[in-house]
Amino acid sequence: MICRRTLLGSGLALGASVLGGRAAAAEEPLRLRAAPSRAQLAPNGYPETPVWAYDNKIPGPEIRLRQGTRVVRRLVNELPQPTSIHWHGVRIDNAMDGVPGLTQDAVPPGAEFDYEFTVPDAGTFWYHTHNRSWEQLARGLAGPLIVEETTSPDVDAELTLFVSDWRLDQSAALTEDFGAMHDQSHQGRIGNMLTVNGAFDRATPVRRHQRLRIRLINAATDRVIYLGLAGLEGWVLALDGMPLEAPQPAGNFVLSPAQRVDLFVDVTAESGDEGVLVQYERGSGYALASFPVTDGSRARRPAPVALPLNAMPDLRVAPTRSVDFRMEGGAMRGLPNGAVFEGQKLSMRDLMLAGQFWATNGVAGMPDSPLFILHQGEAVRLPLVNDTAFPHAIHAHGHHFREIGEDALGPWRDTILVDPGETREIALVGDNPGNWLIHCHMLNHQAAGMKTWFQVS
Ligand code: C2O
Ligand code: CU
């Protein structure tokens with residue numbers, strides 16, 4: 001059973017569909033202007049939402065290029081706050097990673113910063129603000145970064161679906177409670193409206209048996225999304241930008257904040273019916289994006305073959321060196337033994353006064369020294385121990401990693417969801433020199449302490 005989605009609890013019936021595929025990529029600007037703007041996020045009939053956007057677009061303009069080529073963008077900051085851009089998932093030159101305090105200074109209002117880097121891997125990536133991201137990303141500062149394979153796979157159409165989560169009031173304005181203590185200490189800023197490519201109701205007309213490549217990006221600040229397909233037969237081709245060795249049937253799947261999946265889907269719904277990307281929430285399924293089937297069909301293809309693999313480091317067995325990564329704190333558990341914050345041991349009460357609710361290995365916020373140092377090419381295993389009552393989405397910058405499974409290593413990822421009470425062990429090869437953040441991508445958790453860094457020398 002798939003229900004119509006409702007908005008702001010109003011139960012408003014929605015008929016409006018946004019028809020038509022994604023417009024052909026416009027001329028790529030060499031500037032990326034971050035500025036206040038407005039966007040029609042809620043359905044027609046609601047007011048526009050004041051947002052912060054790149055180039056006045058929600059999501060920001062799709063940056064699309066070929067594997068091995070260069071991204072060149074001048075960030076122009078016309079926001080009232082300093083900002084920076086992180087190119088999520090790109091195994092990037094450290095100086096271009098966009099982390100204020102670690103790889104660059106935040107770009108003040110009125111100033112500019114030139115980003116220029118090579119994209120080594122083909123895949124689905126994204127870019128987003130990395131300064132006050134719990135607020136700036138919640139206001140809209142994010143967009144897709146698509147790196148094409150040198151030979152394009154056999155599909156009829158390709159679309160990027162960029163999922164954002166907004167917390168709107170009755171006039172469709174963003175609620176200004178960014179960084180609220182309750183959000184930061186619980187599951188983060190969970191919104192009340194998801195959009196796909198900035199639109200509430202997204203429909204793409206298709207023909208029966210067409211094969212689509214869908215690049216799905218969870219750009220929510222804090223929300224985990226639970227997804228499935230109806231009227232579509234799907235395969236997972238890549239996770240977090242990295243192709244799987246063999247495509248897997250899609251089934252139902254989970255995307256934590258910052259995770260991506262590349263799906264190939266064959267339209268199996270009948271003409272007059274629709275395929276649906278279903279979002280599951282509290283036992284109901286909602287159409288996050290729909291694919292109405294128009295007349296005409298094409299011959300079915302055989303199941304897809306794998307995408308060409310990216311050149312990843314040699315990591316086939318679990319490394320021996322192990323470094324703990326223990327997540328603590330948050331509502332329900334707290335930090336009864338306190339934690340170190342900015343070089344000082346603080347009590348839980350003083351941590352709360354400093355807006356810190358989470359710690360990694362007993363440290364809230366950025367430690368002075370890295371959690372671990374790797375020599376170029378050295379591998380490490382990190383048991384990610386979630387000793388809290390909430391899930392966390394742990395993201396490493398500049399590197400992908402593999403989960404250490406029972407008898408094999410899992411797929412390459414840059415973000416992994418660790419449920420409460422769970423330990424997920426990952427293996428990472430430090431092959432990219434520099435200082436790299438590793439943090440929870442629930443951005444309110446990151447802001448409230450759950451972040452640290454490592455160094456590759
Ligand atoms: Cu998507 Cu630290 O970033
Ligand atoms: Cu978290």
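Select histidine 392 and cysteine 440 to begin: both are buried, buried meaning under 20% relative accessible area with a 1.4 Å probe and protein chains only, where exposed is over 50% and partly exposed lies in between. This is a predicted model, in which local features need pLDDT of at least 70, side-chain atom pairs count only at pLDDT 80 or more, and totals for chains, interfaces and linings use all residues. Residues are numbered from 1 along each chain as its sequence is written, chains are lettered from A and ligands numbered from 1 in the order in which they are written, and side-chain values use heavy atoms, with hydrogens and water left out.

Histidine 392 in strand β28 (residues 392-396) and cysteine 440 in strand β33 (residues 434-440) are 48 residues apart, so that the pair links distant parts of the chain; strands (E, at least two residues) and helices (H or I, at least four) are DSSP runs numbered from the N terminus.Move on to glutamine 356, in the loop between α3 (348-353) and β24 (358-360), which counts as buried at 7% relative accessibility. Its side chain reaches the backbone oxygen of alanine 447 at 3.4 Å, while the backbone nitrogen of glycine 449 lies 3.3 Å from a polar atom of the glutamine 356 side chain.

Key:
A polar contact is a pair of N or O atoms within 3.5 Å; within protein, one must be able to donate a hydrogen and the other to accept it, and residues adjacent in sequence count only if both atoms are side-chain atoms.
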